[in-house]
Amino acid sequence: MSTTLQYPRNMSSTSDAAAAGKVPAGGSAPVVETLMGDEAIALGALHAGVSSAYAYPGTPSTEIMESLQSWKVAGKAPGCPDATMGALLAEWCSNEKTAYESALGASFAGRRAVVSMKHVGLNVAADPFVNSALIRINGGLVVVVADDPGMHSSQDEQDTRVLADFARLPCFEPADQQEAYDMARAAFDFSERHEVPVVLRITTRLAHSRSIVDLAPARAPNPLRKAEADKSWILMPAIARRRWRALLDKQEAFHAHAEDAARLELGGSELGIVACGIARQYLLENLADLEASFGSKPSILTVSTYPMPAGRIRELASKVRRILVLEEGYPYVEDAMRGVFGAPVPVEGRRSGALPLDGELSPDLVRKALGLPDRITLPKGSLPLPERPPQFCQGCPHGDSYTALKEALAPYPSYAVNSDIGCYTLGALPPWSAIESCVDMGASVGMARGAAGAGIFPAVAVIGDSTFYHSGIPNLVDAVSHGTNLTLVILDNDTTGMTGAQPTIAPASRLEPLLRGIGVDPAHIRQLRAHRTEHAANVKVISEELGHEGPSVVIMVRECIEWAKKSRKA
Amino acid sequence: MNYDMILCGVGGQGGISVSVVVAKAAMAEGFRVKQSEIHGMAQRGGEVLAHLRISDGEPASPSIPVGAADLVISFEPLEALRNARWLSVERGTLVSGISPYKNIPDYPDIEAVLGELRALPRVLLVDADSLAREAGNVRAANMVLVGLASTLMPISVARLEEETAAYFERKGKAVVDANIVAFRKGRDAGK
């Protein structure tokens, strides 16, 4: 059963790498590997001949770059000629926008490039993302975006398929690790054939689960071959209008590809199921029980590529009495099927209430939506089971920083502490309860500035060093230029901690010169050691800066203890 | 053959390493595996949950359905209770350590927790910390539990010990030995 629902291997091999089934990957290299979804994508990109990889860390996408970097350091990767590894560029960036633009430059130069990020990272990179749809992509450009339905470690559960649609770009959505590997390869070919960026959308469960992957022979990287001088990379209005038309004209080819990639397996006429991406695996998990209960197989359409395969969906609708849509994220396919005028047969899914509108899918939720009885579980005990929220690691510097900040703020009858995204967001929880907002990367500084302008005093922004480099700097430029009365606290632990301790893009020593360069008064750039033994002195300095009229910055310095452990091991 | 197991505990207790060791041993036995875990914020002293599916076919879903697990290994009693819902009513066994990991203010009375665990249809409890200490490394408590659970898994002891040794090899002989001894102590505790 499962084999007929697999993404066809012949569509996923690179043109110069015949890869029907198990092909030895050359020399003593293994044919199969157990890979995490993120690793499968990294290896797929590598085997597709990627030359440049750029990213900003973000759960659940981080391991894509980490895998590439660890293979580069080792000088070898499964099924890859060692020479490829030496030439590979795999770099962390300040943020997703800079990462995207670097990847764009590599494509301009004719090389294959991959840029990876979490779903909210694509918001940061939205400007280059949407506009790059209009240029004539040269070296294949693949944009890997990892969505986090259920918000395991994110602030929203936006669906990247919608953003790909917004940019009028094709989006590939693998169901398992094998498809993640195959599609990463296929995406580069597609990108070069149609001269557009291709989005590869995965979700947390796929990114962070492992299974066995058959590898295909590696393809050589592209030579340096700068984009043709036909002005197709210059989006001035007159040219952009032509390029926009060109993108619109490509839609038919994107649709045709999606129709080919979709697999329709006709069974009984009672129920039709549209299974998108990983939802197919949850369907397969329940298929035997479903067949037993129906007495026949349902008709199943597997969707792995967008734009939606409308023709296949119409074909399914003509054969069945009702349709259930299984998709991770928004009811994107379901809504489109129903549209304004309704569907020719009843359509159920996340919008209709057959499945929850929010959260991550599971085999159990899909089981319920299929109308199967719940599996029997052991009776629940009577004991209340308190949750165990994440918290600061033992000895983390952030706890000491918050204790000092709270004491310095205590004399004020009111104040605002806007914060940001990172380990230090956990300071929102007891016993600290020290911060009042966490919205998006870099927002703390802008929000404190706005709060100060609106009349709040003292207005404090708390941000980590990595987040400050990511997108806190422009907000501080605004605050300095307008003399806003705020105190910025930078928690400098020299790492991006929450995602597993990646190095911050610039060393801590560069922070103070940067702040001076922006124009912060050097007398109000105070560097402190974030340790409980310095508590009294730290409270005093923070109090002084809270009282200072105008922008001031307190840098709380101490190395992340996870990072320290990691560097000792290295 | 399908064998589904859940590994759970608190971030930092070694759940992920155990999942890797058992998965590798299962593959060495010729099985296909699927593994799933949630990391990120969960690493920071929060609940950790890993799914491991062992099969001679191809497991479909990376996550195990509720009420379907053959085995739940928990490194901590409260997490054991929290994750008992994964157990199959007909065949599921719970294997858990008895030492509470108290990093929350409202941790329930430990005797009450252990009482509810003992009331489950098939349960093996062990003082994993003490046995690991006896083995020479308190951090090997996770391997005590794997040893205890090995009496139930469709994987040979030799394979599990081989993969344990391979996993800890880079940390030196003392660590390897302590983990193997811990594994055997756990296994003996089940006899």
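**Paired strands and nonpolar cores**

In chain B, strand 1 (residues 2-10) runs antiparallel to strand 3, and nine bridges link the pair. This picture, like the rest of what follows, comes from a predicted model. One of the spots where these two strands meet is Asp4(B), whose bridge partner in strand 3 is Arg53(B). Strand 3 of chain B also pairs with strand 2 (residues 32-37), again in the antiparallel sense, this time over six bridges. Here, Arg32(B) has Ser55(B) of strand 3 as its bridge partner. Strand 3 itself, which spans residues 47-55 of chain B, is mostly covered, with seven of its nine residues buried.

In soluble globular proteins, nonpolar side chains tend to be buried together. The largest nonpolar core in this model holds 113 residues, and the members that touch the most others are Ala55(A), Val142(A), Leu200(A), Val274(A) and Leu326(A). Helix 9 of chain A (residues 177-194) is the top contributor to this core, giving eight residues. Both domain 1 (26-219 + 231-258) and domain 2 (262-369) of chain A supply at least three residues each to this core.

Val142(A) shows what such a spot looks like up close. Setting aside neighbours within four places in sequence, Val142(A) is in contact with Ala45(A), Val114(A), Ala184(A), Ala187(A), Phe188(A), Ser191(A), Val198(A) and Leu200(A).

Notes
Residues numbered from 1 in each chain as written. Chains lettered and ligands numbered in written order. Predicted model: local features only at pLDDT ≥ 70, side-chain atom pairs only at ≥ 80, totals over all residues. Core = buried A, V, L, I, M, F, W, Y, C linked by C-beta atoms within 7 Å. Buried ≥ 20, exposed ≤ 12 C-beta atoms within 10 Å, placed from the backbone. Helix = DSSP H or I, 4+ residues; strand = E, 2+ residues; numbered from the N terminus. Domains from an automatic or database assignment. Contact = placed C-beta atoms within 7 Å. Pairing = 2+ DSSP bridges.
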